[in-house]
Amino acid sequence: MRVLHVITEMGTGGAETLVAGMALAGDQADWTSAVASAGGHRADALRARGVATFAVPAPHRRATGVLRAAHATRWAVREFAPDVVLAHNISASVVSRLAVTGRRIPVVTVFHGVAHVDYPAAARILRRTSRTVVAVADSAAAGLRAAGLPEPVVVPNAVFDQPPARDRATVRADLGLDPTVPVALCVARLEPQKRHDVLLAAWALLDDAVLLLAGDGSRRAALGARCAELGLTGRVRFLGTRRDVPDLLAAADLTVLTSDWEGMPVAVLESLAAGRPVVASDVDGVREVLAGGGGLLVPPGDAVATAEALCALLFDPAARATAAAAGSLYVHTRHNPETLMKTYNEILATAVAGGTR
């Protein structure tokens with residue numbers, strides 16, 4: 001089966017991680033995969049490993065941008081001749097539907113989540129664009145159903161094996177970190193959804209620990225200024241966009257995520273798979289993942305509760321070890337990549353057999 005993944009870009013986000021993993025694991029399901037996107041380091045890596053990639057400009061939620069993206073995707077469809085298009089999120093679904101107009105090629109959407117207020121609009125669009133909608137978490141499927149989209153299929157995200165290239169001591173030395181200092185890692189775009197402001201307020205309540213922020217975005221300057229205001233210079237490191245997240249996980253003691261909403265963040269799954277417990281907001285798919293242990297949930301927007309949870313794990317090796325063991329067992333049992341690929345193969349084969357829409 002020939003599968004064309006369509007996604008806005010192929011940088012460091014969770015959806016991009018999933019696409020890269022699925023494209024490289026396609027031989028498990030007898031797929032030939034290609035990826036159409038605005039590019040990024042994951043697209044470069046896929047191309048280097050023999051996966052076909054196609055350049056598609058990001059639509060940026062503008063009509064002219066959508067039309068340009070659809071034109072480029074139509075060219076990719078013509079060149080690659082897919083049996084099915086797997087569109088990741090809403091804008092990619094619109095672009096994909098326009099690109100396959102007049103062709104008997106079904107569009108299947110992977111819905112990674114939106115802000116709660118955007119569910120009604122998402123459901124309206126997906127009813128028109130997609131033969132099947134796959135939600136990455138039960139909470140995301142429930143939101144779509146409540147907004148009027150019948151029968152979304154739930155396939156939880158999985159973690160594809162990414163062992164670190166360097167050991168803990170080496171990574172810490174490269175980052176200039178003391179071998180014994182407690183370290184928390186946040187892997188997230190510096191955007192309003194992720195609420196780094198809450199994380200920084202929580203970090204200001206802690207002592208004798210270092211916070212690593214891996215990611216970039218529109219809030220970078222404002223968050224840097226806020227660090228200075230809170231006296232956190234030196235205790236918070238802005239690392240920018242990173243391609244070595246497995247190495248950073250090896251260097252950290254735990255990870256933290258203070259988002260207002262999430263689908264099912266791959267960063268949380270990667271943390272648990274690496275044996276690192278998680279402190280995270282009690283929202284959406286995060287709640288589902290940490291229900292099996294693996295960390296502590298805190299109320300969204302609550303800096304004091306976040307600081308207390310960080311203290312409970314960051315300075316207690318025994319508590320960390322207990323949470324890490326529970327999280328590792330859960331993620332390897334419930335978020336297995338072989339199961340994910342088998343399930344997607346069945347969904348896509350059914351869509352192809354049913355024809356276009």
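Modeller: Let us begin with Thr306, which is buried, with a relative accessible area of 2% (buried means under 20% relative accessible area, exposed over 50%, partly exposed in between, with a 1.4 Å probe and protein chains only). This is a predicted model, in which local features need pLDDT of at least 70 and side-chain atom pairs count only at pLDDT 80 or more, while totals for chains, interfaces and linings use all residues. Residues are numbered from 1 along each chain as its sequence is written, and side-chain values use heavy atoms, with hydrogens and water left out.

Colleague: Which helix is Thr306 found in, and what is Thr306 in contact with?

Modeller: Thr306 is found in helix α13 (helices are DSSP runs of H or I with at least four residues, strands are runs of E with at least two, and both are numbered from the N terminus). Leaving aside neighbours within four places in sequence, Thr306 is in contact with Val198, Ala202, Thr258, Val279 and Val298, where contact means heavy atoms within 4.5 Å.

Colleague: At what angle do α8 and α13 pack?

Modeller: Helix α8 (residues 196–203) and helix α13 (residues 303–314) pack at an angle of about 60°, with their axes 8 Å apart. That makes α8 oblique to α13, because angles under 35 degrees count as roughly parallel, over 145 as roughly antiparallel, 65 to 115 as roughly perpendicular and the rest as oblique. The axes are lines fitted to C-alpha atoms, for helices over the stretch in contact, and angles run from 0 to 180 degrees between N-to-C directions.

Colleague: Which residues of α8 and α13 meet there?

Modeller: From α8 there are Val198, Leu199, Ala201, Ala202 and Trp203, and they meet Ala303, Thr306, Ala307, Leu310 and Leu314 of α13. The residues of this contact of α8 with α13 divide into nine nonpolar, one polar and no charged (Ala, Val, Leu, Ile, Met, Phe, Trp, Tyr, Cys and Pro count as nonpolar, Asp, Glu, Lys and Arg as charged, and the others, Gly among them, as polar).

Colleague: And what about sheets: in what order do the six strands of the open sheet come?

Modeller: Those six strands come in the order β10-β9-β8-β11-β12-β13, and the pairing is parallel, where two strands pair if DSSP finds at least two bridges between them. The edge strands are β10 (236–240) and β13 (295–298), each pairing on one side only. Helix α8 packs on this sheet, touching β8, β9 (210–214), β10 and β11, and its direction makes about 165° with that of β9. Helix α13 lies across β8, β11, β12 (278–281) and β13, running at about 170° to β13.

Colleague: Switching to the open sheet of seven strands, what is the order there?

Modeller: The order is β3-β2-β1-β4-β5-β6-β7, with parallel pairing, and the edge strands are β3 (52–55) and β7 (153–154). Helix α3 (residues 63–80) lies across β1, β2 (32–37) and β3, running at about 165° to β1.

Colleague: Is β5 mostly covered or exposed?

Modeller: Strand β5 (residues 107–111) is mostly covered, since five of its five residues are buried. Val107, Thr109 and Phe111 point one way from β5, while Val108 and Val110 point the other way. Four bridges join β4 to β5, which run parallel, and Val85 stands opposite Val107 in β5.
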